[in-house]
Amino acid sequence: GPRKRRQGSAAMSATHPTRLETRTKERRARMNKSLGKLKTLILDAFKKDSYRHSKLEKAEILKGTVKHLWNLQRAQMTAALRTVLGKHFGFINPPFFHF
């Protein structure tokens with residue numbers, strides 16, 4: 001049959017957050033803390049003044065992070081290609097590749 005509701009549970013839920021609400025709040029706090037750390041790293045990586053960019057939106061922080069990771073990956077690939085070309089073909093700085 002239908003479950004009986006305990007008296008006072010409606011009033012109690014209004015003053016005490018549910019477990020789900022508490023977990024959601026904690027998860028958001030962890031995400032915001034991580035975004036704050038990412039923002040600091042990205043502003044340092046792009047040599048930006050953190051005071052002037054204090055109000056970066058979350059989407060801008062994530063976009064800057066992706067851009068920085070792409071740049072790092074491209075730099076690693078370029079260095080690897082130069083190493084391979086130098087070892088196998090004797091090129092120090094291949095003239096036909098402009099990186």
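Me: How many nonpolar, polar and charged residues does the lining of the largest pocket have by class?
Reply: The model is a predicted one. The lining of the largest pocket consists of Ile42, Leu43, Phe46, Lys48, His53, Leu56, Glu60, Lys63, Gly64 and Lys67. Sorted by class, these residues come to 4 nonpolar, 2 polar and 4 charged.

Me: What volume does the largest pocket have?
Reply: Rolling a probe the size of a water molecule over the atoms shows where empty space is left. For the largest pocket, the computed volume is about 210 Å³.

Me: Which helix gives the most to the lining of the largest pocket?
Reply: Two helices, helix 2 (19–45) and helix 3 (58–89), each contribute at least two residues to this lining. The greatest contribution is 4 residues, and it comes from helix 3.

Me: In what order do the elements of the protein chain run from the N terminus?
Reply: The secondary structure of the protein chain amounts to 3 helices and 0 strands. Read from the N terminus, the order of elements is α-α-α.

Me: Why does the span of helix 2 agree with its number of residues?
Reply: Helix 2 has 27 residues, and at 1.5 Å a residue these should span 39 Å. The end C-alpha atoms of helix 2 are 39 Å apart, so the two values agree. Just after this helix, Lys47 has a positive phi of about 55 degrees.

Me: How far does helix 3 reach from its first C-alpha to its last?
Reply: Helix 3 has 32 residues, for which 46 Å is expected at 1.5 Å a residue. The helix is followed by Gly90, which has a positive phi near 75 degrees. The reach of helix 3 is close to the expected value, at 46 Å.

Me: What do the buried residues of helix 3 pack against?
Reply: The buried residues in helix 3 are Ile61, Gly64, Thr65, Thr78 and Leu85. In helix 2, Thr24, Leu35, Lys39, Ile42 and Leu43 are buried, and their cover includes helix 3. For the buried residues of helix 3, the packing partner is helix 2.

Me: Is Thr65 buried or exposed, and with which residues is it in contact beyond four places in sequence?
Reply: Thr65 lies in helix 3. Its relative accessibility is 12%, so Thr65 counts as buried. Once neighbours within four places in sequence are left aside, the contacts of Thr65 are Leu38 and Ile42.

Me: What percentage of the 99 residues in the protein chain do buried residues make up?
Reply: The protein chain exposes about 9,300 Å², of which carbon and sulfur atoms supply 59%. Among its contacts between residues at least 6 apart in sequence, 22% join residues at least 24 apart. Of the 99 residues in the chain, the buried share is 11%.

How values were computed: Residues are numbered from 1 along each chain as its sequence is written. This is a predicted model: local features need pLDDT of at least 70, side-chain atom pairs count only at pLDDT 80 or more; totals for chains, interfaces and linings use all residues. Side-chain values use heavy atoms; hydrogens and water are left out. On a 1 Å grid over the protein atoms alone, a cavity is a set of points where a 1.4 Å probe fits but cannot get out, and a pocket is an open set with protein on both sides within 12 Å along at least five of seven lines; lining residues have an atom within 4 Å of a point. Grid points are joined across faces, edges and corners, and a volume is the space filled by probe spheres set on the points. Ala, Val, Leu, Ile, Met, Phe, Trp, Tyr, Cys and Pro count as nonpolar, Asp, Glu, Lys and Arg as charged, and the others, Gly among them, as polar. Buried means under 20% relative accessible area, exposed over 50%, partly exposed in between (1.4 Å probe, protein chains only). Contact means heavy atoms within 4.5 Å. Accessible areas come from the Shrake-Rupley method with a 1.4 Å probe; for residues, only the protein chains shown count as cover. The expected span of a helix is 1.5 Å times one less than its number of residues.
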